[in-house]
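Please examine the packing of the helices and the aromatic pairs in the model shown below. The questions that follow are answered in turn.

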Amino acid sequence: MKLSTRGRYGIHAMYDLALNADGGPQPIKALAERGGIPEAYLEQLFAVLKREKLVTSTRGAQGGYVLARKPSEITVGDVLRALEGGLSLVDCLDEEEACGKSCACPSRIVWQKLRDGLNAIVDGITLQDMIDDYKRVCAQEEQTK
């Protein structure tokens, strides 16, 4: 499975919002600049994230986006599924008719296990985990200098 820019940029932007959660609404322009993401593209992503109730927006001069829930309550899986759709590796897991031999296909069991494992991993990582892990890695790197 290869993530599109939607998923990658979305994770980066949501991480940024989580990191700046105490700073109030974050303007899309600031998020785009910090993430190196085209502003117009980020607006499209945030429209989806807002529709999926992962972010909320505030209008006006002091407006911008904030997380709809605490960083510890939003998983990487939530973000990826909102932006990428399902995380299936092959069509036959989502559409029984995609292949005439779905029930008799020996590799389908492998694809199901891969999908289930991937979902378990991304659903087990919250935005808060990302922040904590990044801080821990940076602290370890500082100690080795």
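Q: How are H1 and H3 oriented to each other?
A: In this predicted model, local features need pLDDT of at least 70, side-chain atom pairs count only at pLDDT 80 or more, and totals for chains, interfaces and linings use all residues. Residues are numbered from 1 along each chain as its sequence is written, and side-chain values use heavy atoms, without hydrogens and water. The axes, lines fitted to C-alpha atoms over the stretch in contact, lie 10 Å apart at an angle of about 80°. Since 65 to 115 degrees counts as roughly perpendicular, H1 and H3 are therefore roughly perpendicular.

Q: Which class do ten residues of the contact of H1 with H3 belong to?
A: Contact means heavy atoms within 4.5 Å. From H1 come residues including Tyr9, Met14 and Leu17, and from H3 residues including Tyr41, Phe46 and Leu49. Two residues of this contact are polar and one is charged, while ten are nonpolar.

Q: Which type of aromatic pair do tyrosine 9 and tyrosine 41 form?
A: Rings of Phe, Tyr and Trp (its six-membered ring) pair if their centres lie within 6.5 Å; planes under 30 degrees apart count as stacked, over 60 as edge-to-face and the rest as tilted. For tyrosine 9 and tyrosine 41 the values are 5.7 Å centre to centre and 80° between the planes, and the pair is edge-to-face.

Q: Is tyrosine 15 buried or exposed?
A: Buried means under 20% relative accessible area, exposed over 50%, partly exposed in between (1.4 Å probe, protein chains only). Tyrosine 15 has a relative accessible area of 16%, so it is buried.

Conventions. Axes fitted to C-alpha atoms, helices over the stretch in contact; angles between N-to-C directions. Helix = DSSP H or I, 4+ residues; strand = E, 2+ residues; numbered from the N terminus. Parallel < 35°, antiparallel > 145°, perpendicular 65-115°, else oblique. Nonpolar A, V, L, I, M, F, W, Y, C, P; charged D, E, K, R; others polar.
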